[in-house]
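Subject: Structure handover

Hello,

I am passing this structure on to you. Please open it first, then read the notes below.

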Amino acid sequence: MLSGVAFVATVVGLQLLTAATGRGYYLTQLTMAAYYTTVVMGLCLVMGYAGQISLGHGAFFAIGGYTSAYLTTLDLSGWAAKGVGLTLRKAGVLVARQDLYGGECLGVTPWLAFAAAVCLTAAVAFVIGYPALRLKGHYLAMATLGFGLIVYRLVLGTERLGGADGISSVPAWKILPGLDVCGRSVCRIQNYYVAFALAGLTLFMVLNLVNSRTGRALRSIHGGELAANAMGINTAQYKLKVFLISAVIAAVAGCLMTHYNGAIGPSESGAMKSVRYVALVAAGGMANVWGALVVGGALEFLSLRGCFGSADHAVFGLILILIVALVPEGPLRPLGRGVVRLFRAVTGRAGA
Amino acid sequence: MLSVDPGSVPAAGVPASPPVFASAPLLRVEGLCRSFGGLLAVDDVSFSVMPGQIKAVIGPNGAGKTTVFNIISGILRPDSGRILFSDVPIAGLPPFRVGELGISRTFQNLSLFPNMTAIENVMVGCHCRTCCGVVASVLRLPRHYREERAIRDAAEKHLAAVGMADKAGVSVASLPFGQRRLVELARALATQPRLLLLDEPASGLNTRETGDLARIIRQVRDTGVTVLLVEHDMSLVMDVSDSILVLNYGKPVTEGPPAEIRNDPQVISVYLGGDFGSAAD
Amino acid sequence: MVGLSQVLQYIMSGVTVGSIYAIVAIGFNIIYGTTGIINFAQGEFVMLGGMIAVTLASFMPLPVAVAGAVLLVMLCSGALEIFIFRRLRRPSLLQMIIITIGLSIVIQEVALHIWDEKVRSLPYFTGNECSSVRLLGAGLSPQVFWVLGTVGVTVTVLHGFLRYTIIGKAMRACASNVSAAQLAGINVANMRTLAFMVSGALGALGGCVISPITMTQYDMGTSLAIKGFAAAILGGLGNHMAAVPAGLLVGLAESVSVYFLPAAYKDAMAFAILLLVLFVRPHGLFGAPEVGTSSREF
């Protein structure tokens, strides 16, 4: 409860701060950071809690984004003039939008595209996860990395998905009257809140899941899969379940961010993106959702602001090595302990 | 020496060995075989465990005791043979199914979840007797709270039963070895087993701890749980068990109550090395 | 219709890249065998070898440049072991994986800063891009024979080293049982460094001989690592010699796939093979089961 309040206060505070300092444009990167961090929190379930590595989460993000981009940018106007098409249009499945030249196109409504994106991602995650999660350690890492690269190559090599350019001019998603998920600068503030609402929802869900019977089952798999199984836990099923959940979380974030940016490119599914998610889970302290949120959000924001310059990837690589080699429990907990110790030392001396 | 389950009525006549029970065996192992590469680790082993019994499996190192345990609990598949648990065939089932059916176990080298506290470890044991799913937990339905409270109460009860109530919130990684054994025992009990498999529960314990363990094992039996244990510590085996099965080179040598086993020349030769072992074939 | 010469062309190109996958696979095997680490940065050694040789070749004769590149990469990978892996205290598998992935990224980025994004290549060892050897009607670059020859010789030498020399035997001892090796007086830490060095040198050599054919670019490592890993798994992890036919198989499958699928999907094909192997036979074509899976037996 208290942490929920802290989350909302921080989000609102950040927005007010940017408004007060006249740096409203920071919200764009904060919004994107929120979407990426949502993926990181989902991955945290798989990696930090269930102890299963996934080097393919960028692919799920991309599948979500590309599905919704592809469906909403289809032009079905020729087909929609008659029969089934007309009915679908009346039912609201197909919606009109203006193309680049002001003409009218008919695409699938973002709602349906969203549903399709989630279903497709879940299906792909099932097909990959079912055999892959039987593998351990290195094998699982390579399998998921290979899966991610397959998706990357397919996206890159497919004409219909825009090849190297990706898909652009993805229409806005009118979630509520007056609430559009789109990149126009007038919508910047509302989109900031949409993104953080998703991040907050994910945080809430993941925390609830972790502190429950299911969460204990996941952690027991991490602690010792054989013993967990002997205690009556269907470990294979739990691993698959949590993999599906986190894949769907990634797809939802991908879908929303695609509408927000109005575009998606193949780099979203690249190995580098997937590795980044892993890096941020590690940087957050593995089994630490708050750590993933705070560290992930901060680093993604700095990276999107271009603070790391041309060394962007290298910074993430170094973070991976340094944190995992030196402070495997993540930097936040030792930092917190240090602050507490410092506080005690200071107050203790003041009292004495 | 010989103790018979108080619930079952001995058949008329003297309590001869093996003890005669009114009910059917809880666990029946028939013709179990398993080899690793060319090595026959378990070679045609048959025995049965009566409800309410404490049965021990002994034998020198490499006799196939732990392999038998691993096959019963579903960790290994048998090459051939049948295992019936209250007349349900369980050979080849995955471990979690065996656990659900009511067989729980501890491990020779301990297999606690080092990333959790003592009580959390025991709470994991409650998993297969509870049912709250992802949705109930994510949405924090009333069902979730009710069940969590029940799980915590049960886990506290089981920890208290092994005398570890005061260590509930301690991470198991920081507990001394003997106490970890007890937490593991509590975790196994939390699955509410009908049959408890203990794989060398006394190894690594000192004499006092072993004595406590014997008391706890008897207590467990008195609550209606049947116990099958593999053990090297003969004082514990002779102290608690109702019946003893001796294995050597994967083959059963003999079976009987402790008093008999203690004086059996075959058993003595198995442990001290002699020709009797081969004579038993 | 495909003529015989065209088939041969496909086969030879498959065998050529396949032999590089075999080199990477053997690199994986050597490090995995001695240390238990799957080095995700294995592909970077190949890239580094090619890049350094290209740079050195601009001011020194080609053979010296290649030798220099191999030596430098060997020292680098040895240094990685000494400065990173040796310092870890009881690292978990997940930690190892993450660290080698981090290394692979850092190496790539450093390479990007030194050599930028340009595609580079070494000159042909003999002849030039136009010269070709006629074989059964197919035109083959002489470099193909350099590649095959180098791989063949290296693998044979390595095999002899591991089987017949005392150091090679010590490395294999570390692979099968670390504590027993330690008790036998083997300096396990040094063996690990040696494994990294051999593996790095091997990768760099592969990177040099293949550079004239496939070119060298800063980001070639990741996909090489994955295809090499596919070969390593196919041959059975830890099985040095089986990695050779397995690598050739992956290379062939990839080059044949161009015939059926758009060329853009060529890489996807190789990765799909990896997944298939992992899912169906994670213990490899020649190995015994019970490795890598947790399916039924634990």
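Let me begin with chain C. It holds 11 helices and two strands. Bear in mind that this is a predicted model. Along the sequence, the elements of chain C come in the pattern α-α-α-α-β-β-α-α-α-α-α-α-α.

How far do the C-alpha atoms of chain C extend along the principal axes? They fill a box of roughly 60 × 50 × 35 Å. The radius of gyration of chain C is 19 Å. A compact globule with 298 residues would come out near 19 Å, so the two agree. Take the contacts in chain C with a separation of 6 or more. Of these, 76% come from residues 24 or more positions apart.

One helix of chain C deserves a look: H4(C), residues 93-115. Its end C-alpha atoms are 33 Å apart. That agrees with expectation, because 23 residues at 1.5 Å a residue should span 33 Å. H4(C) is mostly covered, with 17 of its 23 residues buried. Just after the helix comes Asp116(C), which takes a positive phi of about 50 degrees.

Next, where chain A meets chain C. The contact involves 38 residues of chain A and 36 residues of chain C. Which helices of chain A each supply at least two residues to the side that touches chain C? They are H6 (137-157), H9 (225-230), H11 (271-284) and H13 (312-326) of chain A. H6(A) gives the most, with 15 residues. By class, this side of chain A has 27 nonpolar, seven polar and four charged residues.

Now chain B. It has 11 helices and 10 strands. Of its 281 residues, 45% count as buried. Among contacts in chain B between residues at least 6 apart in sequence, 65% join residues at least 24 apart.

The four-stranded sheet is open and has the order E2-E1-E4-E5 (chain B), with antiparallel pairing. Its edge strands are E2 (39-49) and E5 (88-89) of chain B, and each pairs on one side only. Walk across it pair by pair:

- E1(B), residues 27-36, is joined to E2(B) by seven bridges, and the two run antiparallel. Leu32(B) has Val45(B) in E2(B) as its bridge partner.
- E1(B) is also joined to E4(B), by five bridges and again antiparallel. Here Val29(B) stands opposite Ile83(B) in E4(B).
- E4(B) pairs with E5(B) over two bridges, in the antiparallel sense. Phe85(B) has Val88(B) in E5(B) as its bridge partner.

What sits in the hairpin of E4(B) and E5(B)? Two residues lie between the strands, and Ser86(B) takes a positive phi near 40 degrees.

The six-stranded sheet is also open. Its order is E6-E7-E8-E3-E9-E10 (chain B), and the pairing is mixed. The edges are E6 (103-105) and E10 (251-256) of chain B, each pairing on one side only. From one strand to the next, the twist averages 20 degrees. E9(B), residues 243-248, pairs with E10(B) in the antiparallel sense over five bridges. In that pair, Ile244(B) stands opposite Gly256(B) in E10(B).

Which helix of chain B packs on the sheet by touching E9 and E10 of chain B? It is H10(B), residues 265-272, and its direction makes about 135 degrees with that of E10(B).

H1(B) is the other helix to find. H1(B) lies across E3 (54-58), E6, E7 (195-199), E8 (226-230) and E9 of chain B. It runs at about 145 degrees to E7(B).

To get your bearings, start with H4(C) and its 17 buried residues. Then move to H6(A), which gives 15 residues to the side of chain A that touches chain C. Finish in chain B, with the order E2-E1-E4-E5 and then the order E6-E7-E8-E3-E9-E10.

Best wishes

How values were computed. Residues numbered from 1 in each chain as written. Chains lettered and ligands numbered in written order. Predicted model: local features only at pLDDT ≥ 70, side-chain atom pairs only at ≥ 80, totals over all residues. Expected span 1.5 Å × (residues − 1). Buried ≥ 20, exposed ≤ 12 C-beta atoms within 10 Å, placed from the backbone. Pairing = 2+ DSSP bridges. Contact = placed C-beta atoms within 7 Å. Nonpolar A, V, L, I, M, F, W, Y, C, P; charged D, E, K, R; others polar. Axes fitted to C-alpha atoms, helices over the stretch in contact; angles between N-to-C directions. Rg over C-alpha atoms; globule rule 2.2 N^0.38 Å.
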